[in-house]
Structures are given as structure tokens and as C-alpha cells.
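Hi there,

Here is the structure I promised to pass on. My notes on what turned up follow just below it.

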Amino acid sequence: MDARIGEVSTPARLAAPAEGIGREELALAARNHGMPLEALRHEVTPPGLHYVLVHYDIPYATAEGWRLTVRGRVRRPLSLTVGELRERPATTLRVTMECAGNGRARLEPRPVSQPWLVEAVSTAEWTGVPLRLLLEEAGAGPGSAHVVFTGADHGVERGVEQDYRRSLPLATALDPAADVLVAHTMNGAPLPPQHGFPLRLVVPGWYGMASVKWLRDVQVQDSPFTGFQQAEAYRFRQDPGEEGEPVTVMAPRALLVPPGFPDFMSRTRFVRPGPQRIEGRAWSGAAALAAVEVSTDDGRSWRPAELEPGGPHRWAWRGWSLPWTAGPGRHVLTARATDEQGWTQPVLQPWNRGGFGNNLVQRVDVVCLEAG
Ligand SMILES: Nc1nc2c(c(=O)[nH]1)N[C@H]1C(S)=C(S)[C@@H](COP(=O)(O)O)O[C@H]1N2
Ligand SMILES: [Mo]
């Protein structure tokens, strides 16, 4: 179904060595906003501050007349209204979601695309029907190994006209521990248009591209899905010709609540001398979080931060903090997360052509003012 529209669509490319952020990247950055980092103070990101990424247009959708179909290799195809989904038993999950392109604009050379720095992450409480229950109700056929999710948005990407579509292995879709949800509610209210109204998939622990918004169709099939967003986009590649590895779960990352107060243009932080706390949040989709370490000397030495207990929200970020006595002068503050598989954030960029999964440690420039 993916058609080719070659001439009018921009191919993927890397920025030239000294090339600044251009007009096309600016246009994307103005549509797709990140979460202001001071909002890291909130355990659940307040409405409107959750980051947004939309490949094409936000579809104009009304709940009336919306149907979610479940079909393909199933014994009882379903066609459900939003009301029928809302009547089903619901689960609420607190989920930290991060765009796979988070950190892309810090890479050298820079893949030209949505130019995120580190702010494409947020946490919401999603309520909806476990996908597993819908697949069981439809009687997903034995032997079927893949589930394809289609959104109502439509566009062209690198010459390919398409609906936004992604797939998951059937085993993941059916796994009670994977907690995949068809959500109709975000933070206790209907989904806002930009977050997928009236229905979206939520795939906890995975980068955001898996959580298909404006979900209208779920198709069970035997063969792997080879559509654009699965086979061409969202793959780790060093060279354009490679098949590459698929982008899946979120790498570990820690971010700092910006200390003190900012300079308007440079965003350099100013603090007053004396004792204070460095704080932030950290997460990993690959495994549970194990530790966060902090450096106040640009990575020369590291101290373990105090990590908030994991609690019941296994898919959500965790707060961490560390006391610091700031002395006058310039400081570079850094934090790095490690998960229980021993995956630690790198201090050298993990580069790939798409600019995915760049969890290079964050460096925050802080100027501590003189006392008084
Ligand atoms: N239908 C559809 N679903 C989509 C997208 C999209 O463009 N269309 N973008 C994906 C990407 S790349 C991300 S990071 C998340 C962002 O979700 P949010 O905007 O609710 O934060 O949605 C995903 N789901
Ligand atoms: Mo994304």
C-alpha cells in the first residue's frame, strides 16, 4: 500500500560539518515540542507539557463514528466503537515515553530530522483496555506471529506515501507482563488531539514510535510487517544500505532538573553559592533502573545519587538527588543512569544515521555566582 512519490519528498541526509539547524528542522521543531526540563519536577507531566511528536498532520477526529477494527488472522473480527471500548474493564498505567530521536541534534554529524536535544520525554497516566484482552476476544489465530497497528494519519516520508503504521510481535502483544494498552484516557481525561484522540496504543518501555496514535485498525498476520516505519525508518544503521537493527526499548537515561535560573539565550544556569540539591529523573525501558551517578566536575569523578524507591510504577521514571555545595565559578554537572542489565549511559556519542537512541550523558553548564 506504500506508494512512491519521489520528486517532492526530502531524502534522509546528514548535515554538513558546520551546517546549522535549517528551516525544515525549525519547521519540525515548531510543530513537535519537547517537555521544558523544569517539568522534570513533576512525577506525572502536567497536561500540555507532555512532549509531542507527529510525523504528518493531527487528524481531525470525533469519537462519533470512530471504529477500532481487529481483523486478519483472527476467528472473530471485531469492530468496536469508542463507547464499547470504554465499557470494557480498564487498566491505568503510569508510563514514561521517550522519542527514539531524543538526543539527535547533539550528534555529529547531525542526521537532519526532528532536532531534539534531550527534552523528548514525559510521563503520563494512560487508562484503557489491555490489547491482550481484545486479541483474545477476537481469537487471534495460532501461527500468527505479528500484529500491525494503523493510525488515521497519512503522509509522505522519503518518497513513500503511507498511513502511519507499526507492528509488534504477537507474543509481545499477548504478554501480560508487557502491559500493552489501547488507551482512551490520558491523565484522567479523554486523549487530547495531539496525543491520539480518541484511541492510541501505549507500549510501555519502548521508544514512542511503537505507541501508534489515532489507532483505527489492528491486523493479525503471519508474515513480518515490512512497511516504511518498520523496515526503513527506526533502524540502527551506520550505512544507508544496511538492513540495520530495529529500534525497540528505551536505553537508560538520567536528566537533571535545571538548577538555579537561566540566561534567556544561552540557557546557561546560574546558582548561588552554598549547599543545595542536584535532582532529576531517570529511566530505562530495557530493564529496571539500578543506579544514578552524578558528576560535578565534568565527568572526572562520580558519586552515587539517592534513588527514589521504584514503587508500583514499573514503567515510570524515578526521581534521584544528591547534595552539592556550590562554590563560585563554572561547573559542568552530569548524571548517568545504569540499569539492572548493566547498561550505562555512554560519555561518547552512540552514533547512527537515523539519530536514534542517543543516550549520551547530559552536560549542564552552571555558573555559581559570588556570594552576596
Ligand atoms: N499515528 C501516529 N502515531 C504515532 C506517531 C505518528 O506520527 N502517528 N508518532 C510516534 C512517535 S515517533 C512518538 S515519539 C510518539 C509521541 O507520542 P506523543 O506525541 O503523545 O508524545 O507517538 C508515536 N505514535
Ligand atoms: Mo518519536
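Let me start with the ligand: a polar backbone atom of Ser211 lies 2.9 Å from a nitrogen atom of ligand 1, a polar contact being a pair of N or O atoms within 3.5 Å. Taken alone, ligand 1 exposes 530 Å², and the protein buries 100% of that (Shrake-Rupley areas, 1.4 Å probe).

This is a predicted model, where local features need pLDDT of at least 70 and side-chain atom pairs pLDDT 80 or more, while totals for chains, interfaces and linings use all residues. Residues are numbered from 1 along each chain as its sequence is written, chains are lettered from A and ligands numbered from 1 in the order written, and side-chain values use heavy atoms, leaving out hydrogens and water.

Two further contacts: an N or O atom in the Asp153 side chain is 2.6 Å from a nitrogen atom of ligand 1, and a backbone N or O atom of Tyr51 is 2.7 Å from one of the ligand's oxygen atoms. Both residues are among those that come nearest, out of 19 around ligand 1 (a heavy atom within 4 Å).

As for cysteines, the whole structure holds 0 disulfides (sulfur pairs within 2.5 Å). Cys99 is buried at 8% relative accessible area, and Cys368 is buried at 4% (buried means under 20%, with a 1.4 Å probe and protein chains only).

Best wishes

Key:
Buried < 20%, exposed > 50% of the residue type's maximum accessible area, 1.4 Å probe, protein only. Polar contact = N/O pair within 3.5 Å; in protein donor to acceptor, adjacent residues only side chain to side chain.
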